[in-house]
Amino acid sequence: MSAVPPPAPPVSPPVRDPRVARWPFAPRLRDLLAIALSLPVAVVWFSARVEGPASAAGGFTAAPLDLSHVGAVDVLLLLVALASCASLWWRRRYPVAVTVASIAVALVVAFDGAMFFALLTLAVRRRDRLLVLLAVLGFVASATAAVRTTLDGWGVSVSTAALGTALVVFVGAYVGARRDLVCTLWERAERAEQEQSLRAEQARLAERTRIAREMHDVLAHRISLVALHAGGLEVRPDVGPAQVETTAATIRETARTALEDLRRVLGVLRTPGSGAGGAGGSAATAAELAPQPTLVDVRRLVESSREAGVAAQFRTDVPVHADVPAELGRTVYRVVQEALTNVHKHAPSAPTVVTISGEVGRELIVTVVNARPDGQPSGLPGAGSGLVGLSERVGFAEGTIRSGPEPGGGFAVRAQLPWPLPEGRSAQRTSAAWTPPDARLTPAPVAVGRGGTRPDRPAPAGAPDDERSAAP
């Protein structure tokens, strides 16, 4: 089966002259004016044919025309000349045909009154070899007609024909070139306006996408923590007052932090001049001066998830004082934040391991793996755009990210980000090949109950430490 050709792009309508758009009947009025100016030339030509040729230098007399000896041939030739004048009505639609017909009439009948208007229109429409050819033929026809209808010699007739033909061709070419220039400028102006509108729309879409990603990264994790804490109180009404007070305080603190993050993001959207008294400018300045999350904050992020009831472990071999760029640390933070948010929503009872490993000058690997959940999902709504936003964010950092189910029924998010060397330092290569630490799941030190995890139950005495760090 043959491939279906792609649809042709839509053809934009030609740009019209603004004067024509303002006066829609102006072209027809010009056609009538051309016909009206050619008719007196036809009358003079017919008079010269009936009365006999006269000198062009001698002028024309106002004596009445004697029609007593007008024959049928003269009437027929007059009708041909009038038809040639009437054909100027179609000079804009068929400029070449009208010009060829008027030149033929000038050669046969010796009437060139309509030929000059046809050449003028042809010069306005096109300026190529065909115009030069028809201009030469028109010059020959006009010189022949002048010789046949006047008593002037060849010198005067040729000079008059050359001057008239050159004048109409040059005037028509000038008018056509000016119209083409105006149309080109109009097209460029319209194209520039369309491109500017397109760029503005693309900028708005990009900004909306960035704002949506920031709102999702900032608020989704906090709100999921609030929902998990509130759900724990709902499914465990038998907890003591101390636990209720602690959970309520955690919910209040998390909600306050979420409101601060929301106020910070909304402050970025305000322009420095918005608001009374420059309130928008102060909000934007506060948002710009607010500290951004770094690699050091990942540990606190995992601890907040553990406080919410998720059996989360944090493993890293990256020293705290490592030369991790701020942008790279922020990207790692967002990857871990989004992965833990998905764990809160879909697998709050699943043990989770967060691993950060790497070597400066090579790459930084972030792995978040959760086991198969024992209980039901939390039921929190999700937009389904978190991993898509992570892909864009990691792509901006020139890294790669993979996510998908694990063979044992869990889910994993793995990101590899380039870790460049600081300026002025060289990579320290070792003889042994570097391998990242194992990120496989180990038994969680937190027991799982009917309603989820029990963050208030201490771990067994022999439980391994879930936070390995190479920090001194």
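Leucine 32 sits in helix 2, residues 26-51 (helices are DSSP runs of H or I with at least four residues, strands are runs of E with at least two, and both are numbered from the N terminus). With a relative accessibility of 46%, leucine 32 counts as partly exposed (buried is under 20% relative accessible area, exposed is over 50%, and partly exposed falls in between, using a 1.4 Å probe and protein chains only). The model is a predicted one, so local features need pLDDT of at least 70 and side-chain atom pairs count only at pLDDT 80 or more, while totals for chains, interfaces and linings use all residues. Numbering runs from 1 along each chain as its sequence is written, and side-chain values use heavy atoms, with hydrogens and water left out.

As for the overall picture, the protein chain has twelve helices and eight strands. Of its 472 residues, 35% are buried. Taking contacts (heavy atoms within 4.5 Å) between residues at least 6 apart in sequence, 73% join residues at least 24 apart. The accessible surface comes to about 27,700 Å², with 63% of it belonging to carbon and sulfur atoms (areas are from the Shrake-Rupley method with a 1.4 Å probe, and for residues only the protein chains shown count as cover).

On to the nonpolar cores (sets of buried Ala, Val, Leu, Ile, Met, Phe, Trp, Tyr and Cys residues joined through side-chain atoms within 4.5 Å). The largest one holds 31 residues, and Val298, Val332, Val336 and Ile356 touch the most other members. Elements giving two or more residues to this core include helix 7 (154-235), helix 10 (297-307), helix 11 (326-346) and helix 12 (386-396), along with strand 1 (312-316), strand 2 (352-359), strand 3 (363-370) and strand 5 (411-418). Helix 11 gives the most, with eight residues. Leaving aside residues up to four places away in sequence, valine 298 touches Phe314, Val332, Tyr333, Val336 and Ile356. There is also a second, separate core of 18 residues, and Ala34, Val50, Ala81 and Ala118 are among them.

Ala118 also turns up in helix 5 (residues 113-125), where the buried residues are Gly113, Ala114, Met115, Phe116, Ala118, Leu119, Thr121, Leu122, Ala123 and Val124. With ten of its 13 residues buried, helix 5 is largely enclosed by the rest of the structure.

Leu107, Val108, Val132, Val136 and Val140 make a nonpolar surface patch of about 420 Å² (patch residues have over 30% relative accessible area and no salt bridge; like charges are joined within 9 Å and nonpolar side chains, meaning Val, Leu, Ile, Met, Phe, Trp and Tyr, within 5 Å). Helix 4 (95-109) and helix 6 (129-149) are the elements that give two or more residues to it, and helix 6 has the largest share with three. Valine 132 belongs to helix 6 and, at 52% relative accessibility, counts as exposed.

Among the strands, strand 4 (residues 400-405) and strand 5 pair in the antiparallel sense over six bridges (pairing takes at least two DSSP bridges between two strands). Threonine 400 stands opposite glutamine 416 in strand 5. The hairpin of strand 4 and strand 5 has five residues between the strands, and glycine 409 there takes a positive phi near 105°.

Nine salt bridges are present (a side-chain nitrogen of Lys or Arg within 4 Å of a carboxyl oxygen of Asp or Glu). One of them joins aspartate 31 and arginine 92, with the closest N and O atoms 3.1 Å apart. Because aspartate 31 lies in helix 2 and arginine 92 in the loop between helix 3 (72-86) and helix 4, the pair ties together parts that are 61 residues apart in sequence. Aspartate 31 is buried, at a relative accessible area of 0%, whereas arginine 92 is partly exposed at 23%.

Aspartate 297 and arginine 300 also meet in a salt bridge, at 2.8 Å from N to O. They are three residues apart in helix 10, so about one helical turn separates them. Here aspartate 297 is buried at 19% relative accessible area, while arginine 300 is exposed at 52%. In helix 11, arginine 330 and glutamate 327 are likewise three residues apart, or about one helical turn, and their salt bridge has closest N and O atoms 2.4 Å apart. Glutamate 327 is partly exposed, at 47%. Finally, salt bridges with shared partners link Arg28, Asp31, Arg91 and Arg92 into one network.
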